[in-house]
Amino acid sequence: MSTLINLKNIKKDYQTGEVVTSVLKGVSFEINNGEFVAIMGSSGSGKSTLMYILGFLDAPTSGEYYFEGQDTLKLDDDKLAEFRSEKVGFIFQSYNLRQRTSVLDNVMLPTTYLRNCNLKEAEDNAVKLLKRVGLGHRLNHRPNQLSGGEQQRVAIVRALVNNPRLVLADEPTGNLDSHSGEEIMEILQSLNKEGRTIIMVTHEEYTAECAKRIIHIKDGMVTEDRIVEKQRMARDGEFKK
Amino acid sequence: MNIFQTIKSSLTNLAANKVRSFLTMLGMIIGVGSVIAIMSVGAGAQSLIFNEISSFGTNLIGVMPGGSEEDAPPASMMGAVITTLTYDDAKAIGEIPHIEAVTPYSNGNANISFGDKIKNINFIGVTSQYVDVEDNKVSLGRFISPEEDESTARIVVLGSEVKDDLFGEDNPLNKRIKIDKTSFLVVGVMQKKGASLVASRDKEVFIPVKTAQKVMLGVDHVGLIRAKVDDEKNMSLVNSEIRKLLQQRHNIKDSKKIDFTVRSMDQALDMIGTVTDALNLFLGAIAAISLIVGGIGIMNIMLVSVTERTREIGLRKALGANKGNILTQFLTESIIITFIGGLIGIIGGSIFAAIISGVAQYLGYDWDLVITPFSVILSFIIAVLIGIIFGIYPANKAAKLNAIEALRHE
């Protein structure tokens with residue numbers, strides 16, 4: 001399998017006044033195409049910072065980050081924005097949907113920032129994806145008319161609409177009940193099965209075991225990096241292939 | 001980035017805060033509206049003055065007593081009584097080629113009475129050629145005859161309104177009226193001229209100039225001489241001929257001591273145009289201040305909007321927006337506010353101007369509704385420019401937000 005991500009000795013310091021806080025103290029790992037990785041750690045461990053760096057939203061203080069073999073630390077702001085637009089899809093714990101626009105408009109938002117986008121095709125694709133996650137009848141609803149699980153499914157479709165190589169999920173089940181959480185995990189597993197690379201940040205062991213590989217972060221260092229021997233298949237939702 | 005999606009998104013945002021968007025626009029609406037209205041009303045008033053003056057005929061030359069600087073009004077217009085022009089000057093001017101008609105004016109104010117009706121009016125002493133000079137006609141009876149020009153005949157021609165006031169529907173011809181204490185025979189009534197800015201000819205009465213001078217006023221000079229030239233292309237020739245003639249008649253060698261002023265109608269129009277243009281510009285500039293105030297309002301609201309939507313900005317950055325995209329997004333919103341505000345302002349200002357001109361026309365004034373493409377385009381461009389100028393700071397602030405901090409913003 002080809003390497004998608006190669007992190008070498010990534011460090012990240014934050015400066016607040018005179019005090020320098022080291023959040024990441026030298027993180028290195030490789031992630032291949034098609035992997036489903038859970039990054040685990042307690043709050044303050046630096047796992048969110050790591051995810052933002054992986055998603056090109058933040059730059060490390062030092063270290064090397066190769067994405068598809070490209071040295072991303074040498075790229076300028078516009079190029080990084082392009083990477084975020086084309087190569088990464090974000091899923092947030094709090095969904096981050098815009099309440100004033102419809103489900104479909106929310107899902108279409110990332111296409112605004114594509115350099116070349118066939119709107120008609122993109123919309124067809126978005127509708128298809130929404131149908132796939134069981135929201136075909138909700139296209140013109142407002143997000144606040146949907147349940148938490150449904151909102152997160154909208155957010156997943158939004159992350160997929162530009163067809164990115166990598167999906168980054170930050171505690172995607174953190175705000176959901178267990179039933180809805182299982183639905184979300186089932187969708188992520190299914191996407192992974194189709195070959196999409198998924199990196200998920202979580203602090204729940206139970207959720208992490210849905211991934212194929214778990215990386216533990218503690219105090220800004222990788223303390224454990226293991227393959228999940230028996231991946232737990234989430235089977236609770238109404239999600240159908 | 002797709003500009004249509006950006007515009008659609010901006011419209012959605014503005015529609016989500018309808019009241020706020022409208023109040024923000026209001027500054028633009030009032031600003032653009034008042035610029036349009038003031039420029040239009042100014043142009044309308046200018047047209048009224050021009051029409052008024054042109055209604056006397058554009059190929060008129062006026063001679064006023066007292067010297068003057070070029071482009072400045074002669075001293076006689078400032079209220080000074082100068083006695084250098086005479087009836088004979090007018091007669092001599094009438095001999096100059098290309099002059100079709102000439103009349104001196106000797107005006108005064110008096111009480112006019114018929115029976116128990118008394119009115120205060122202006123009487124105007126002129127010669128028989130007055131009707132040709134000012135292009136005026138009698139509707140009843142006759143005007144002053146050439147034989148009466150040299151006489152002090154006690155005859156009077158009434159303005160249409162004076163006739164209505166004194167006689168109503170009755171025939172005034174051959175009736176005797178009193179101007180102050182002197183008895184006059186009514187020989188004619190003038191045609192109605194309509195409303196006027198300066199002094200309505202309908203409210204005046206006409207008597208022979210000698211009668212005005214000798215009987216009513218007891219003077220030898222006249223206040224004004226007006227001549228009509230056969231063709232506009234001869235205006236400057238006649239103008240200089242009159243100067244030459246009067247200089248000779250008044251025995252003036254030093255051109256600095258010239259005691260009269262010759263002005264043609266086009267010069268007068270030019271002078272009035274300069275004054276009214278400056279006035280319009282001044283009023284327009286005052287109206288434009290409200291545009292700037294409106295612009296500051298837009299900046300204020302956009303700054304609030306940036307703070308409110310910090311999370312959205314973070315999200316957009318996470319989804320692939322670069323600084324330019326965010327800048328464009330917010331700039332588009334402020335431009336849309338000024339664009340729509342400008343449109344409404346143009347429509348509102350035009351309606352206001354139309355109402356003003358409608359009222360003026362209803363009152364009988366010769367008022368044109370003038371809304372120039374220039375003023376529309378100008379105020380529109382200014383409105384959009386204000387959207388850019390006052391939108392750029394908030395938009396830039398949004399573009400520079402740190403994506404991660406923005407995403408964590410509550």
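Me: How many residues does the contact take from chain A and from chain B?
Reply: The general idea first: two residues are in contact if their C-beta atoms, placed from the backbone, lie within 7 Å. Here the contact takes 18 residues from chain A and 18 residues from chain B. Before we go on, this is a predicted model, where local features need pLDDT of at least 70, side-chain atom pairs count only at pLDDT 80 or more, and totals for chains, interfaces and linings use all residues. Residues are numbered from 1 along each chain as its sequence is written, while chains are lettered from A and ligands numbered from 1 in the order in which they are written.

Me: Which helix gives the most to the side of chain A that touches chain B?
Reply: Helices (H or I, at least four residues) and strands (E, at least two) are DSSP runs, numbered from the N terminus. In this case helix H2 (residues 77-86) of chain A gives the most, with 5 residues. The residues on that side of chain A divide into 8 nonpolar, 4 polar and 6 charged.

Me: How many helices and strands does chain A have?
Reply: Chain A has 7 helices and 10 strands. Its radius of gyration is 18 Å, close to the 18 Å that the globule rule gives for 241 residues, so chain A is as compact as a globular protein of that length. The radius is taken over C-alpha atoms, and the rule is 2.2 Å times the number of residues to the power 0.38.

Me: In what order do the strands of the open sheet in chain A come?
Reply: Strands of a sheet pair through backbone hydrogen bonds, either parallel or antiparallel. Two strands count as paired if DSSP finds at least two bridges between them. In chain A, 6 strands form an open sheet in the order S6-S7-S8-S3-S9-S10, with mixed pairing. Strands S6 (88-91) and S10 (221-227) of chain A stand at the edges with a single partner strand each, so one side of each is left without a neighbour in the sheet. Inside the sheet, S3 (residues 36-40) and S8 (residues 197-202) of chain A pair in the parallel sense over 5 bridges, and A:Phe36 has A:Ile198 as its bridge partner in S8(A).

Me: Which residues of strand S6 of chain B are on the covered face, and which on the uncovered one?
Reply: In a regular strand the side chains alternate between the two faces of the sheet. For S6 (residues 176-179) of chain B, B:Ile177 and B:Ile179 make the covered face, while B:Arg176 and B:Lys178 make the uncovered one. S6(B) runs antiparallel to S2 (residues 99-114) of chain B, joined by 2 bridges, and B:Ile112 has B:Ile179 as its bridge partner. S6(B) also pairs with S7 (residues 182-190) of chain B in the antiparallel sense, over 4 bridges. There B:Ile179 is partnered by B:Thr182. In this hairpin, with 2 residues between the strands, B:Asp180 takes a positive phi near 50°.

Me: Which residues have the most contacts inside the largest nonpolar core?
Reply: In soluble globular proteins, nonpolar side chains tend to be buried together. A residue is buried if 20 or more other C-beta atoms lie within 10 Å of its own, exposed if 12 or fewer, and partly exposed in between. A nonpolar core is a set of buried Ala, Val, Leu, Ile, Met, Phe, Trp, Tyr and Cys residues joined through C-beta atoms within 7 Å. The largest has 113 residues, and those with the most contacts inside it are A:Ile39, A:Ile91, A:Val157, A:Leu168 and A:Ile199.

Note on methods. Ala, Val, Leu, Ile, Met, Phe, Trp, Tyr, Cys and Pro count as nonpolar, Asp, Glu, Lys and Arg as charged, and the others, Gly among them, as polar.
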